[in-house]
Amino acid sequence: REAPTPKMLAPCLLRRVVLTVPLVLVVALLLVEPIRSDQEAGTAIPAESRPCVDCHAFEFMQRALQDLKKTAYNLDTRVRKHSFSLCLLLIRKKNAVHKITESQNG
């Protein structure tokens, strides 16, 4: 089995990111406390008695965004590193073929 190339890794990791973002959003929605039945719609609840759900959701999404940025940076770094290594390998192979061709002709 041959090793995956950077072109093969990018779509795979992109699919993971695309699947992770909705999952994070669903988890965030599940963490938000639903309206209880004893609370009528439209009634004001004093700020002292209600949890800061919006703050917690915002912090959660900020952390998720930071994780996604870190993952994207790591992916970009890996792709660049592997692309450079692949270019060096191709140059070496081309030089080896060129030397063999010259020795046969010369």
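Does V27 count as buried, partly exposed or exposed, and at what relative accessibility? V27 counts as partly exposed because its relative accessibility is 32%, where buried means under 20% relative accessible area, exposed over 50% and partly exposed in between (1.4 Å probe, protein chains only).

The model is predicted, so local features need pLDDT of at least 70 and side-chain atom pairs count only at pLDDT 80 or more, while totals for chains, interfaces and linings use all residues. Residues are numbered from 1 along each chain as its sequence is written, and side-chain values use heavy atoms, with hydrogens and water left out.Overall, the secondary structure comes to 2 helices and 0 strands, taken as DSSP runs numbered from the N terminus (helices H or I, at least four residues; strands E, at least two). Of the 106 residues, 4% count as buried. The protein exposes about 9800 Å², of which carbon and sulfur atoms supply 63%; accessible areas come from the Shrake-Rupley method with a 1.4 Å probe, and for residues only the protein chains shown count as cover.

V27 lies in helix α1 (residues 6-31). Together with L23 and L31, V27 forms a nonpolar surface patch with about 280 Å² of accessible area. Such patches are made of residues with over 30% relative accessible area and no salt bridge, nonpolar side chains (Val, Leu, Ile, Met, Phe, Trp, Tyr) being joined within 5 Å and like charges within 9 Å.

The structure holds 1 salt bridge, that is, a side-chain nitrogen of Lys or Arg within 4 Å of a carboxyl oxygen of Asp or Glu. D76 and R80 form a salt bridge, their closest N and O atoms 3.0 Å apart. The two residues are separated by about one helical turn, because they stand 4 residues apart in helix α2 (residues 53-105). D76 is partly exposed at 35% relative accessibility, whereas R80 is exposed at 59%.
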